[in-house]
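Hi everyone, thanks for coming. Let me put the structure up, and then we can walk through it together.

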Amino acid sequence: MNKISSIIIIPVLLFSACMDVGEKVYDKYSASEFYATPEGTASALAGVYAQIPGNWGGVGYAGADNGWYDLNCMTTDEQVIPHRNTGDWQLDFARLHQRQWLPADGINANAWNWLYRSVFLANLAVEQLENAGAEPTSIAEARVLRAFFYYLLMDAYGNVPLYDSNDIPVNEIQQANRSDVFDFVSSELENYIEDLSTSKGGQYYGRFTRWAGHALLAKVYLNAEVYTGTAMWEKCLEQIEKLESGGFSLHPASNDPSHPLGNTYYNLFGDRCPDDETILAIYTQLDVVGRNILTVRSLRGADGNLLIGASAWNGSVVPQGYVEKFSDNDIRKRQFRFGNTPYGPRPAGFMVYELEISNLDNPGADPLAGARNIKFWPAAPVNSGGASNDFPIFRYADILLMKAECLIRTGNPQQAKTYVDQIRERAGLDALTENPTLEDVYEERGFELSWEGHRRQDMIRFGTFTQANGFIPAVDDTYLLFPIPTHALNTNPNLNQNPGW
Amino acid sequence: MKKKYRFKNFQVKWPIFLWMLALSCSQIHGSFAQNQNNYSGTVKDSLNEPIPGVSIVIKGTTIGTVSDLDGSFNLPVRSDSDILVFSFIGYVTQEIPAQNNSIINIELLEDMVGLEEMVVIGYGTAQRKDLTGAASNITSENFNRGAITNPLQQIAGRAAGVNITQVGSEPGTNPSVRIRGITSLIGGNDPLVVVDGIQGNMDLLNQIPTAEIESIDILKDASATAIYGSRGAAGVIIVSTKKSKAGVSTIEYTGTTSVDVLANRLEMLSAEEWRRQANLWGVPASADFASNTDWYNILTQQGMTNNHTVSLGGGTENFNYRASIAAILQDGVVINSGNSNYIANIQATQSALEGRLKLSFSLNNSIRNNQGSPGNIGRASFTSNLISNAFVSRPTDPVFFEDGNYFSDQNVFHYINPYAVAQTVINESETVNQFGSLKADFEIIEGLNINWFGSWRKINHNSGYFAPVSSTIPSAIDQNGIANVSNNRTDEKLTNLSLNYQKDLGHHSFNAIGVYEWQRQTYQGSFAQSKGFINDLTSYHALQLGSIDRHLPGDISSYKNDRTLISILGRINYNYNDRYLFTASMRRDGSSVFGAGNKWGNFPSVSAAWRLSEEKFLNGFQAVSDLKFRVGYGITGNQQGLYPQQSLQLVNASGTTYFGESLINNYVVSQNANPDLMWETRHQTNIGIDFSLFNHKIGGTIDVFSATTNNLLFHYSVPQPPFPYGSMAANIGSVLNEGIEVSLNYSLLENKDWSIMLAGNFSLLRNEVLSLSGSLNGVELVTNNVGWGMNSFLIEGYPIGTFFILENDGKEAGTNEERVVDRNGDGIIDQGNFSEDRYIAGSALPTYTAAFTPKIRYKRFHLDMVWRASGGNKIYNRIRRDFSMYETLGISNLLQSAENLGLFTTQYASDLWLEDGDFIRLDNLTLSYDLMNLNSRWFKSSVVSITGNNLLLFTKYSGLDPELNASGGSGTGMDFGIYPRTRSIALSLQFSF
């Protein structure tokens with residue numbers, strides 16, 4: 001019997017070994033096995049946060065180039081990269097500034113792809129955490145992160161595909177109306193913010209706490225009129241009130257000779273965003289976790305070597321009109337570097353930048369034209385690929401100005417005054433003599449939040465985005481939304497381009 | 001005198017000794033009766049020169065001998081009806097009935113048309129006259145000579161439909177070869193290479209001493225390649241190395257030394273011209289560093305190529321061996337670039353059991369050292385190879401600062417000094433290749449053989465890179481020096497077991513073979529990088545001396561993946577009366593790289609041939625010497641181009657992230673997995689005719705083929721959302737290649753003093769992307785106008801790499817900005833992939849290739865030429881665009897031709913930079929003198945030759961060289977800056993003694 005069976009079995013075994021073409025994976029994890037482990041589940045959430053720091057390839061919220069940040073900043077009055085008459089810099093950034101962008105532009109596609117990859121990873125995290133029965137805080141974090149990305153998509157593109165499970169067949173993903181996306185984002189946040197942790201800093205530095213959740217939802221309601229046609233100032237105020245129980249305060253501004261810009265105010269943009277004012281920050285460590293190129297990109301080559309010890313790019317500058325609005329007493333004006341006696345270090349041979357920019361594209365600006373921004377004075381390590389400054393996504397100064405705005409818009413300018421004054425006084429300015437107007441708040445937001453990624457949203461909400469301004473020509477409302485990238489349209493016949501594009 | 005005499009004496013005795021040895025062996029194993037009489041005589045060629053080494057066998061027996069140096073032979077008589085068969089490669093085999101005629105002097109005719117030669121067809125050989133598929137065969141006497149570093153260079157222009165392209169002359173780089181066009185988009189367009197049974201990728205060719213190759217066979221159509229199944233879709237190159245012959249002992253030396261110079265250079269602005277233009281265009285004076293540097297000149301030099309091979313071999317009837325050592329040494333025309341390749345090879349064959357068992361054994365080792373000119377460097381706006389950065393550097397920039405350091409201008413973004421890079425960056429690699437194979441062939445009964453073959457190849461590729469601060473490369477400055485090493489190992493194992501049966505029954509003759517084959521290729525390796533060195537002394541040899549603070553994720557990594565291919569195949573050849581020939585083959589392949597349910601594919605083929613010249617009704621036509629019609633159809637598959645693991649959802653490391661107050665590893669889903677991945681299949685039909693007329697004076701082959709690749713593997717664009725990545729490997733579209741190939745030769749003159757042979761080939765090729773869109777898991781994918789390089793696209797209905805481009809419309813007066821035509825008149829210049837402002841302006845793929853290879857002999861002088869032509873394609877001259885814009889004058893040099901254009905800037909990549917790629921090149925001109933049988937008898941043969949390579953080039957293309965990336969992959973037909981192509985003069989010596 002044994003013999004007979006071995007006569008049968010051995011050839012069968014031999015044959016199956018001879019015919020085995022199964023695939024073995026040696027150097028990666030199988031996704032299903034990996035996410036079934038507790039480490040895998042935990043990493044699913046961390047993996048969504050990993051999307052936020054800016055890096056090469058146009059990914060991330062802020063800190064690097066060619067992505068969401070450039071799309072939202074170069075299109076405003078606060079920042080532009082001119083082509084130089086020495087031949088430096090392609091025209092992509094000047095074209096963003098001059099309202100000449102097109103659906104096929106790389107920066108536009110990068111922003112879209114980054115956002116939707118983030119949504120995919122957030123969906124994955126929600127699913128993995130729920131399947132694993134994770135802590136409600138973690139599940140809430142994943143859901144709020146997803147809402148955050150949809151908020152950015154809604155803000156930039158309006159009507160966008162909405163899906164919350166990666167298992168959905170491609171053809172069932174439909175383009176949602178901007179107001180439907182708004183409903184999804186606001187209801188997810190309403191439902192899950194309360195599950196978030198109330199910790200500040202520490203373990204929760206760089207993560208969505210309950211306070212960051214309220215800040216996000218306040219932003220959503222602040223712009224509700226733009227998104228849905230219906231203003232929701234009261235709801236915004238409601239979220240701000242909840243946020244205030246988190247105990248935030250403005251970071252004190254005092255003289256600090258150890259800082260190149262001489263004031264502790266600039267610690268808000270330093271190596272680590274202080275917990276007193278910062279609600280949500282991006283942790284950055286050059287070449288390890290993201291990068292912050294903002295100052296390196298701004299200074300000119302050899303001036304970078306002199307000032308910050310790294311060859312700089314001679315890129316972003318601040319349009320003259322924007323700089324000139326700042327009062328000379330304003331400590332926030334120190335972020336601009338121009339003229340013979342700029343604030344900050346003046347080593348021998350430092351470069352004298354000129355405020356005036358004669359031309360953005362042809363023949364381009366002179367090499368030294370344009371004020372530079374050194375608000376994010378580089379935190380070590382620094383090299384020509386950037387620095388390690390953290391980046392504030394939401395901070396309390398922003399919230400106070402939002403509160404002032406809502407109060408004015410709901411007919412309570414007298415209540416709003418104190419909040420605007422707090423901001424002004426910290427900056428070394430006098431309190432307002434009269435109740436603030438909407439324009440005061442708009443300008444104050446410009447002074448306080450320059451280069452922090454809020455300007456396009458603010459300009460749209462205040463109706464200035466389509467108006468002529470310096471090199472920016474007046475345009476129609478088409479430009480209030482970015483076009484859906486050509487690649488996305490081509491691959492998904494369910495999508496319709498935004499009106500006018 | 002005495003010495004010479006003694007040697008002569010020895011020379012006479014030596015073949016006799018071998019002959020006696022052979023004879024004694026025959027006597028031991030032979031079955032014939034001891035006999036009194038011998039056949040003897042001499043074998044000579046048409047020039048009355050003796051031919052040594054001709055095999056003379058009594059038909060139907062194993063009794064035989066070979067001719068000696070005088071062409072004479074001696075063979076015992078067996079019976080009255082003995083027929084002697086005289087055969088020698090390159091000559092027409094003759095059968096002479098002996099009929100007691102004991103003195104037989106014969107003249108062997110050179111095989112002018114090659115219809116009789118043996119062709120290697122995959123798992124066997126066939127006589128050319130019996131072939132039913134399309135194949136080209138090039139034997140060593142037709143190989144190109146000169147500065148040869150790779151076997152493919154020896155056959156460039158020699159086979160119709162086989163396009164061999166050399167891009168520049170960078171030491172250590174290999175030509176690319178495309179057989180019958182671009183069949184796949186994902187890769188896998190490289191043909192399979194088979195060297196004496198060992199299968200491999202193109203790099204296997206680097207391991208073969210060029211002088212040791214006897215013949216190269218190229219299988220082109222599916223009925224010929226289907227036997228190689230999945231690996232044969234893009235054609236098969238079969239290399240047969242020289243084997244020693246029984247009774248002949250040889251030492252051969254082949255050596256070539258060539259001097260290589262720049263064939264062409266671009267006309268850039270001189271310092272003076274740059275200065276004048278800078279003033280004109282308002283470049284700030286601060287950009288002028290008041291120097292005068294010819295960057296291209298200081299980065300180039302006279303190159304040199306050496307190729308030396310010594311081989312020895314010998315054998316008896318039951319044993320033969322051959323061993324060779326080769327050195328291929330190149331000093332490039334760009335400073336500090338070079339390559340050396342040393343190859344040692346030994347093979348031996350032993351037969352036993354009365355000749356029924358034959359064991360063949362081979363071992364090969366090669367060590368290749370490469371000193372590479374750094375590639376992919378430059379500023380953000382222009383990255384290319386090192387030498388092309390010479391175009392960027394302003395002629396007014398000095399090479400050195402006054403303090404002796406390399407010059408660098410910190411105010412130019414990412415400035416690099418190419419001379420500093422060439423002198424300070426170390427970029428070297430060593431590749432050790434080894435293979436061994438063993439083949440055992442046993443005749444079970446007459447006509448039935450069992451054969452086992454096993455081969456094992458190992459490749460160890462180690463490379464080291466060091467960029468010090470002094471290199472001026474920005475990242476090296478930032479990191480205070482960067483050093484890295486990488487080690488890559490490849491292990492390729494193959495084994496097969498085959499059963500072969502051959503039977504002749506009157507007019508019917510059968511040959512059947514069945515094979516089981518298993519192969520696995522394993523790839524693994526590691527990478528380590530270190531940064532922050534306090535000095536440059538240790539290069540990349542001491543990574544531990546870097547600074548630990550600068551260690552980042554990605555600085556160390558390792559990988560391993562493999563692919564397994566299992567095949568069962570069979571083939572039947574049937575031959576009726578040498579007139580009707582049929583071949584049918586079937587191969588079933590399983591590959592590990594596909595989705596779980598789709599690993600196996602079937603690849604059948606059928607073909608037939610009709611030798612009309614054997615028919616009675618053509619007997620009256622004396623003009624027709626040989627005529628054969630062939631028709632074949634077959635299916636082949638592609639899996640080699642597909643990277644493993646793409647059917648699986650995997651998680652990989654992706655840098656570091658900050659979470660929970662600490663830096664932790666980040667993991668990410670690494671790709672859009674497609675569990676449905678399956679075989680890409682190519683269906684090919686071939687119709688051919690082989691003819692030979694007027695007593696073989698005119699001969700030729702014409703083939704017409706059509707091949708459709710279905711289930712086209714490609715990284716298709718998928719919608720984002722929901723996919724996390726923009727593309728996914730899938731089987732959707734299809735691509736068509738169809739063409740016609742003509743090879744002709746004409747023996748114009750053939751007599752004792754003169755021989756003139758005109759030969760040439762011509763192929764037309766049409767490529768079309770039939771479809772790219774289709775259904776993926778039931779979802780319609782709209783994939784069209786996929787970018788394939790700057791302005792070149794994959795567009796349904798057009799060839800791969802079609803230029804779909806904006807039309808230049810001069811420039812704006814005043815601003816000197818380029819203007820393009822708004823073709824749809826909507827006031828917006830849309831640069832999207834579907835833009836109506838674009839138009840179809842030709843394709844990156846050549847539509848015709850041609851070669852003319854005349855051979856002229858006068859007495860002992862031979863003149864060989866290879867003229868090659870190719871065209872019908874367009875080239876996007878990115879170099880000309882980059883160096884024609886005055887906006888960059890302040891930071892870059894420009895072409896002299898920029899002045900006529902007078903363009904300041906452009907937002908577009910228009911057809912202004914699109915040029916015709918047609919060219920005719922005198923690729924090779926060789927004059928050789930055959931010293932055979934000089935008064936000395938030391939040498940069996942010796943040839944001296946002088947070769948000029950790339951002597952003439954006729955083209956309208958304005959760049960360095962019109963022969964550019966023709967791989968068919970993304971970037972085909974773009975000129976991003978190439979390593980210069982050289983013109984070389986080579987002196988070769990060939991001795992055999």
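Let's start with Tyr29(A), which stands opposite Val651(B) in E32(B). This is a predicted model, where local features need pLDDT of at least 70, side-chain atom pairs count only at pLDDT 80 or more, and totals for chains, interfaces and linings use all residues. Residues are numbered from 1 along each chain as its sequence is written, while chains are lettered from A and ligands numbered from 1 in the order in which they are written.

Back to that strand pair. E1(A) and E32(B), residues 650-659, run antiparallel and are joined by two bridges. Strands here are DSSP runs of E, at least two residues, and helices are runs of H or I, at least four, numbered from the N terminus; two strands pair if DSSP finds at least two bridges between them.

How many residues does each chain bring to the contact? Chain A gives 73 and chain B gives 72, with contact meaning C-beta atoms, placed from the backbone, within 7 Å. On the chain A side, the elements giving two or more residues include strand E1 (29-30), helix H6 (106-131) and H13. H6(A) supplies the largest share, six residues.

H13 takes us to my next stop, Asn314(A), in the loop between helix H13 (301-308) and helix H14 (320-324) of chain A. Is Asn314(A) buried or exposed? Asn314(A) is buried, because 31 other C-beta atoms lie within 10 Å; the cut-offs are 20 or more for buried, 12 or fewer for exposed, and partly exposed in between. Beyond its neighbours within four places in sequence, Asn314(A) contacts residues including Arg84(A), Asp88(A) and, from the other chain, Phe413(B). Its C-alpha atom is 9.2 Å from that of Asp303(A), 11 residues apart along the chain.

Now the cores. A nonpolar core is a set of buried Ala, Val, Leu, Ile, Met, Phe, Trp, Tyr and Cys residues joined through C-beta atoms within 7 Å. The largest one has 256 residues, and Ala125(A), Val144(A), Ala215(A) and Ala218(A) touch the most other members. A second, separate core of 53 residues includes Ala135(B) and Val177(B).

Three strands make an open, mixed sheet in the order E4-E1-E7. Its edge strands are E4 (72-76) and E7 (106-107), each pairing on one side only. E1(B), residues 38-44, pairs antiparallel with E4(B) over five bridges, and Thr42(B) has Ser72(B) as its bridge partner there. Thanks, everyone!

Conventions: Two residues are in contact if their C-beta atoms, placed from the backbone, lie within 7 Å.
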